[in-house]
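Please read the following note with the model open beside it. The points are numbered so that each can be checked against the coordinates in turn.

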Amino acid sequence: SSAEETLRREISEEIGILEIADIEPFAMAVSNIRIPYGDTDTGLILSVYLCKIPEGAALSLSGEHTGYGWFASREAIELLRVKYPEEFVDKIGGLV
């Protein structure tokens with residue numbers, strides 16, 4: 001399974017959007033927050049892709065979520081700054 005197929009499946013499962021276009025890998029980062037894993041710990045990996053969804057597409061959240069939001073890049077970087085490295089956050093902040 002390719003990264004694009006995985007992304008499409010996850011978007012479909014998590015928010016109910018079946019049609020996405022213009023998929024482009026953007027950035028990856030390991031979370032600053034460590035999660036216990038056996039005798040060690042690990043960081044979450046965040047993979048960011050740029051893509052387009054149909055205008056007016058309705059989101060349908062899976063049971064794993066309690067809500068969602070659309071954020072300008074300035075707002076997104078403030079929310080991500082707690083968990084992810086500065087270089088990654090700055091790259092997100094550069095999105096227009």
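1. Terms of burial. In this note a residue is buried if its relative accessible area is under 20%, exposed if it is over 50%, and partly exposed in between, computed with a 1.4 Å probe and protein chains only. The model is predicted, so local features need pLDDT of at least 70 and side-chain atom pairs count only at pLDDT 80 or more, while totals for chains, interfaces and linings use all residues. Residues are numbered from 1 along each chain as its sequence is written, and side-chain values use heavy atoms, with hydrogens and water left out.

2. Layout. The chain has three helices and two strands, in the order α-β-β-α-α from the N terminus. Helices (H or I, at least four residues) and strands (E, at least two) are DSSP runs, numbered from the N terminus. Along the principal axes, the C-alpha atoms fill a box of roughly 40 × 30 × 30 Å.

3. The chain has 96 residues, of which 20% count as buried. It exposes about 7,200 Å², and carbon and sulfur atoms supply 55% of that area. Accessible areas come from the Shrake-Rupley method with a 1.4 Å probe; for residues, only the protein chains shown count as cover. A contact means heavy atoms within 4.5 Å. Among contacts between residues at least 6 apart in sequence, 54% join residues at least 24 apart.

4. The largest core. Which residues make up the largest nonpolar core? There are 10: Phe 26, Ala 27, Ala 29, Val 48, Ala 76, Ile 77, Tyr 84, Phe 88, Val 89 and Ile 92. Strand 1 (21-37), helix 2 and helix 3 (86-93) each supply at least two residues of this core. A nonpolar core here is a set of buried Ala, Val, Leu, Ile, Met, Phe, Trp, Tyr and Cys residues joined through side-chain atoms within 4.5 Å. Another core, of five residues, lies apart from it and includes Leu 7, Ile 11, Ile 17 and Ile 23. In soluble globular proteins, nonpolar side chains tend to be buried together.

5. Helix 3. The buried residues of helix 3 are Phe 88, Val 89 and Ile 92. Seen down the helix axis, they fall within an arc of 100 degrees, so they line one face of helix 3. The arc is that of the directions from the helix axis to the C-beta atoms. These buried residues pack against strand 1, strand 2 and helix 2. Ala 76 touches Ile 92 and also Phe 71, leaving out residues up to four places away in sequence.

6. Leu 59 counts as partly exposed because its relative accessibility is 23%. Ser 62 counts as buried because its value is 18%. Beyond neighbours within four places in sequence, Leu 59 is in contact with Ile 15, Ile 17, Tyr 68 and Trp 70, and Ser 62 with Glu 13 and Glu 14. Leu 59 and Ser 12 are 47 residues apart in sequence, and their C-alpha atoms are 9.6 Å apart.

7. Salt bridges. How many salt bridges does a search of the whole structure find? It finds six, a salt bridge being a side-chain nitrogen of Lys or Arg within 4 Å of a carboxyl oxygen of Asp or Glu. One joins the side chains of Lys 52 and Asp 22, at 3.4 Å from N to O. This pair links distant parts of the chain, with Lys 52 in strand 2 and Asp 22 in strand 1, 30 residues apart. Both Lys 52 and Asp 22 are exposed.

8. Arg 81 forms a salt bridge with Glu 78, with the closest N and O atoms 3.2 Å apart, and another with Glu 86, where the closest N and O atoms are 2.5 Å apart. Glu 78 is partly exposed at 46% relative accessibility, as are Arg 81 at 29% and Glu 86 at 43%.

9. A nonpolar surface patch. Met 28, Val 30 and Ile 45 form a nonpolar patch on the surface, with about 320 Å² of accessible area together. Patches are made of residues with over 30% relative accessible area and no salt bridge; like charges are joined within 9 Å, and nonpolar side chains (Val, Leu, Ile, Met, Phe, Trp, Tyr) within 5 Å. Ile 45 lies in strand 2 and is exposed, with a relative accessible area of 57%.
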